[in-house]
Amino acid sequence: METYANILLIAIPSFMVLVLIEILYGIWKKKQTYTLMDTISSLSSGTTNLLKDLLGIGIIIISYPFLRDQLALISMEESVLLYFIAFICIDFASYWNHRLNHSINVFWNRHVVHHSSEEFNLACALRQSISSLIGFGALFLLPAAFLGVPHKIITILAPLHLFGQFWYHTRHIGKLGWIEYILVTPSQHRVHHAINPAYVDKNLSAIFCIWDRLFGTFQEELDDVPCVYGTLKPVQTWNPILINFQHLWGLTQDAWYAKNWGDKLKLWFMPTGWRPADVAKRFPKETIANVYALEKYAPVYTLKHKLTAIFHFVCLNAFIYIFLSSFGSLNLFSQMAFAVLIFTTIFGFTSLMDGHRWAFVFEIVRSLIGLCIFFHPTQASIWTTDVVFAGASTLYFVLTLVATLWMAQSLPQRSLIAS
Ligand SMILES: [Zn+2]
Ligand SMILES: [Zn+2]
């Protein structure tokens, strides 16, 4: 995990620079594809995902090394060909995993965060799940297991395969000629993120688009059907932690209220969006019928709100930098303390930007707990061993308290406006 932390120390600034370049390009071209809070929400979502991965939260019920040991039919020499075959196997696995996530109610919860932005840009690529807590993805790597692909090669290629899906989250690149027949392109992936009836659940491939063409899920971007991005049930929040469990909460409520026991059990594994008829009648949920009438989630922000959000986002990045650069030397308690700090920061300020009054209370309590920890007699030694850390942390909690009280009179208005 220390190696992964070091990779992230390079990957995160690289992603940030590319996002910045896309923002500047949008200004230059007078075609801006970013809004402030959506971008902060996307980047914060990426942070929650990297923390989940670094801390190894979740359980793996089917592991690749186990499958490979049991099922390998041949053993191949390590070569460029073997790496290529392994990459194709990972891409195949990714297609079916992705298709499952889109198709079945309970699995959609693992993936909805990636589709939750109503924008489409490089930042929204970083909206990755923290709710995929049960690992069974190795099941889709059966072809690799049969071919005896070593686990080491899978672990080297998997992050590269993931990072290779970043570049095509952009509205600034048109169709790419013959490449459209081989690779997933920005045009194809715009279709994937679109909720237009012609586009929903299409283009599920990750790197090579052959899987979509082979298994009947390919859809070209059409000139007369401009993409509208998001989900058919808009998430209506900037809080990436809530987004990760929003669909699951809806399913749990439906299971609770369903009269029929069969419905309570089967709704989890029915096609995405399916609800028991009695529950749908009692508690109707609106989905978007006309995508072109969609009003994006856009609470009204004053300069005060924006400055507060930027303050928290800058602090968040500082926490992540300190966490990653010292990851190897931190004990489990310190790692968990950082995780709590980062998760509560994201949870608190994104909810505040959603305009929730309870978020105001949450932030006050969070700041006071932080201050109590640093001024508690049992923590006195930290002021002598690491005065800079203790001083900076105290300043952060004081500023958080001040910023929250500063916003108290005018929380963001949750009224929706078209943007
Ligand atoms: Zn998807
Ligand atoms: Zn995507």
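1. In helix H10 of this predicted model, the buried residues are Pro240, Ile241, Ile243, Asn244, Gln246, His247 and Asp254, where buried means that 20 or more other C-beta atoms, placed from the backbone, lie within 10 Å of the residue's own. These buried residues pack against helix H2 (36-55), helix H5 (105-115), helix H12 (277-282) and helix H14 (332-353), with contact taken as C-beta atoms, placed from the backbone, lying within 7 Å; helices are DSSP runs (H or I) of at least four residues, numbered from the N terminus.

2. The protein chain is divided into domain 1 (2-215) and domain 2 (303-407), with bounds from an automatic or database domain assignment. The contact between them takes 13 residues from domain 1 and 16 residues from domain 2. On the side of domain 1 that touches domain 2, helix H1 (2-29) and H2 each give two or more residues, and H2 provides the largest share, 9 residues.

3. Of the 419 residues of the protein chain, 33% count as buried, and the C-alpha trace spans about 60 × 55 × 55 Å along its principal axes.

4. Residues are numbered from 1 along each chain as its sequence is written, while chains are lettered from A and ligands numbered from 1 in the order in which they are written. Local features need pLDDT of at least 70 and side-chain atom pairs count only at pLDDT 80 or more, whereas totals for chains, interfaces and linings use all residues.

Conventions
A residue is buried if 20 or more other C-beta atoms lie within 10 Å of its own, exposed if 12 or fewer, and partly exposed in between; C-beta atoms are placed from the backbone. Two residues are in contact if their C-beta atoms, placed from the backbone, lie within 7 Å.
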